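Take a walk through this protein, one region at a time. Keep the sequence and the 3D view side by side as you read.

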Amino acid sequence: MGYRIGVDIGGTFTDFCVFDETSSALHTLKVLSRPDAPGAEVLLGLDEIERRFGIAPRDVTYFTHGSTVGVNSIIQGTGARLCLFVTEGFRDVLELARLKIPDPYDLFSRRPPPLVPRNRVIPLQERMNAEGRPEIVPSEDAIAQALAKAEAAGAEGIVLAFLHSYNNPGHERLVKETLKRLRPDLPVFCSADVWPIVREYERTITACIHGSVQPRVSHYIGRLEEALRERGVPAAPMITKSNGGVMTAAAGKERSIEMLLSGTAAGVIGAGFVAQRAGFPRVMSLDIGGTSADVALLRDGMPDFRSGELVGRYPIYLPTVSVSSIGAGGGSVASVDTLGVLRVGPESAGSTPGPACYGRGGERATITDAFAIKGVLGAAELGYGAVNVDRAKARAVVAPLAEGLARSEAATAEAIIDLAVANMYRETSRLFSQVGEEPSGYALLAFGGAGPMLGCLLAEAMGMETVIVPETPGVLAALGGLLADLRSDFVRVTFLDIMPATMPAIDQALADLAMEARDWLHGSQGHTGEAMLTISGDMRYRGQSYEIETPLDSRWIADGDSQAIIDAFHARHAEIYGHADEKAEVQLVALRVVIAGTIPKPSFPARPLTAMDVAAESSVTVSHRGGEVTAGLFQRRNLKPGSRFAGPAVVIQDDTTTWAPPGFGGAVDGYGNLILSRERLS
């Protein structure tokens, strides 16, 4: 028995969860992130854990870690300098993309520049037809000439994305072998190895993102492994993934693209765990850190999964936990533009210098500064003593905005918060519209460093009655990493009409995918337990342009029951669009398999409830809706299961601050969750 550690690196703070396997005690910690020296915060946290809790690195039996190194390199444009080799005639694949307006609500929105500019896209004489048969095999001379052009362009890596390589990757692998022989030190990435899907743009942009981040992520993981060994941590590190699972660090070096959205995904997994235990079947998770607000919808503790999530301004087409990101974090910067209009985000003050009230040199107003002026922050230290809130510094940076708006500082702070909530309302309303559901049927689960400050305000705007604040909301993403299973996705393009004659081919494709998945789980991941396979198909009516992912039963495929597969697609089509064409032919474009291997999880038993109304330990004056209210001040650690209190209230704890405005009351459940209701509790 020992200790299990989960780590999540955010824009402002790095979060730690430490679970004691003997006592089931949970220790939490935050340290300031180090974007200038990624990984340094992990070692600092380990030192602080030993100093505070007496937990030595040698006693760590499990270590999981989510990092923003990859996603930050895309957002900041600091990834590897790539050249892209494409089939001759397809040089503009990234330029054309899908010719869609990025934001259909903004006619002036512009598509981002291609991740690899056109002058570094090199056409190669090769051709594979749609059936996977070679028509033009690339010659070694042509490959050498293309390499010379890439070297002249200063390429730090080469991505190969040839036509129809999803069906036959032979040309991509031939070119890769030749390039590795000519330039062994130059990284080369095949699109068919990254994610072998149909549609050239989707496969190409996904491969380019992977090629851009892989060298930096691999170097970072290697340094982390070495540093953990030097610290005496015996556990091999695991890496959280965008699909809500984990993989070994060694796999993370090769499959770097799979960990780009690991932090947001781990937070959603943690939120699902909390919601399920608390007995809330429908929950909207709201994870607000220093940079963004990440929103997801969960049903029975499970999130949706989808392809096409944005990393910065670019989409990746691997399956990820479905999360909508809004540029409204605690560190989001507020400004007044030349027309005298207040704006909030998406730019963030980050951890360095951070909000002005942190006293670390910040000179621009943020949402956190607005809460300091409001009076919600400042009654206690933040981030486990890492930050003392300086309200005078907050007022100093908000004062110029107040002057530009001809408002008081308190009114300006209120306006900053209201605008942030309005931005979140707009995006979350769109999310509910997409799934055709009403927000009033959901509870809001608020976490992250700033989620509990803004959660009740957004719930009020959305018409939600209940807000759930977990026991350790500021570090829930780190806890989610401890709860995640080994998990990976596999895809095989089939392009088959669903009929009895094609069922043997579908059965063979499933057998091949299942073998590949089990080799990953039991081979590269070393898992010795049971494996759970989930099967689905990308299906469409013949002639449709896009597919619908449809859950499938392996028994239908094994039994050759083509009608059951067709019926499942009709039902799925009707569920989404309200109609189905039962006379139309149905195609299986691709078969998908998700494999999961269960990892032992922390156990947090419910504690008995002792119903009692608790009085505030003291009070604070909070500006609210143009006036002032007296809010009760509560220490979270003193609220026990069954404790109840009336709002308005400010609840302080090491990792966050909760604001319950007038009209909300609070109660603590058996798992330590703070349940805030819009109905005052009696």
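This is a predicted model: local features need pLDDT of at least 70, side-chain atom pairs count only at pLDDT 80 or more; totals for chains, interfaces and linings use all residues.

Start at helix H10, residues 367–374. Just after H10 comes Gly 375, with a positive phi of about 105 degrees. Now look at the helix itself. Buried means under 20% relative accessible area. Eight of the eight residues of H10 are buried, so the helix is largely enclosed by the rest of the structure. They are Ile 367, Thr 368, Asp 369, Ala 370, Phe 371, Ala 372, Ile 373 and Lys 374.

Among the buried ones are Gly 451, Pro 452, Leu 454, Cys 456 and Met 462. H13 is followed by Gly 463, whose phi is positive, near 80 degrees.

E23 covers residues 443–447, and it pairs with E24 in the parallel sense over two bridges. Leu 445 stands opposite Ile 468 in E24.

Stay with E24, residues 466–469. In a regular strand the side chains alternate between the two faces of the sheet. In E24, Thr 466 and Ile 468 point one way, while Val 467 and Val 469 point the other way. All four are buried. E24 has another partner, strand E36 (residues 674–677), and these two pair in the antiparallel sense over four bridges. The bridge partner of Val 469 in E36 is Leu 674.

Compare strand E32, residues 643–646. Its covered face holds Ser 643 and Phe 645, and its uncovered face holds Arg 644 and Ala 646. E32 runs parallel to strand E29 (residues 612–613), joined to it by two bridges. Met 612 has Ser 643 as its bridge partner. With strand E35 (residues 665–668), E32 pairs in the antiparallel sense over three bridges. There, Phe 645 stands opposite Gly 666.

Next, the nonpolar cores. The largest has 119 residues. Ile 5, Leu 84, Ile 209, Leu 445 and Leu 591 have the most contacts inside it. Helix H7, residues 200–231, gives the largest share of this core, 12 residues. A second, separate core has 72 residues, including Val 295, Ala 370, Ile 373 and Phe 645.

Zoom in on Ile 5. Which residues does Ile 5 contact, leaving aside neighbours within four places in sequence? They are Phe 16, Cys 17, Val 18, Leu 46, Ile 49, Val 60, Tyr 62, Phe 63, Thr 64 and Leu 482.

Now for the empty space. Rolling a probe the size of a water molecule over the atoms shows where such space is left. The count comes to three cavities of 30 Å³ or more. The largest cavity has a volume of about 100 Å³. Its lining includes Trp 195, Lys 241, Glu 258, Pro 319 and Asp 489.

Two single residues deserve a stop. His 570 sits in helix H17, residues 562–577. Is His 570 buried or exposed? His 570 is buried, because its relative accessible area is 6%, and the limit for buried is under 20%. Not counting residues up to four places away in sequence, His 570 touches Tyr 541, Ala 580, Asp 581, Glu 582 and Val 586. Thr 264 is in helix H9, residues 262–278. Setting aside its neighbours within four places in sequence, Thr 264 is in contact with Asp 294 and Val 323.

Last, some backbone exceptions. Most residues other than glycine have a negative phi, and most peptide bonds are trans. Asp 300 is not a glycine, yet has a positive phi of about 55 degrees. Asp 300 lies in the loop between strands E14 and E15, and it is exposed, with a relative accessible area of 53%. Arg 625, also not a glycine, has a positive phi of about 55 degrees. Arg 625 is in the loop between strands E30 and E31, and is partly exposed at 48% relative accessible area. A cis peptide bond joins Gly 345 and Pro 346, with omega about 0 degrees. Pro 346 belongs to strand E22. The bond from Gly 647 to Pro 648 is cis as well, with omega near 0 degrees. Pro 648 is in the loop between E32 and strand E33.

Conventions
Residues are numbered from 1 along each chain as its sequence is written. Side-chain values use heavy atoms; hydrogens and water are left out. Buried means under 20% relative accessible area, exposed over 50%, partly exposed in between (1.4 Å probe, protein chains only). Two strands pair if DSSP finds at least two bridges between them. A nonpolar core is a set of buried Ala, Val, Leu, Ile, Met, Phe, Trp, Tyr and Cys residues joined through side-chain atoms within 4.5 Å. Contact means heavy atoms within 4.5 Å. On a 1 Å grid over the protein atoms alone, a cavity is a set of points where a 1.4 Å probe fits but cannot get out, and a pocket is an open set with protein on both sides within 12 Å along at least five of seven lines; lining residues have an atom within 4 Å of a point. Grid points are joined across faces, edges and corners, and a volume is the space filled by probe spheres set on the points.
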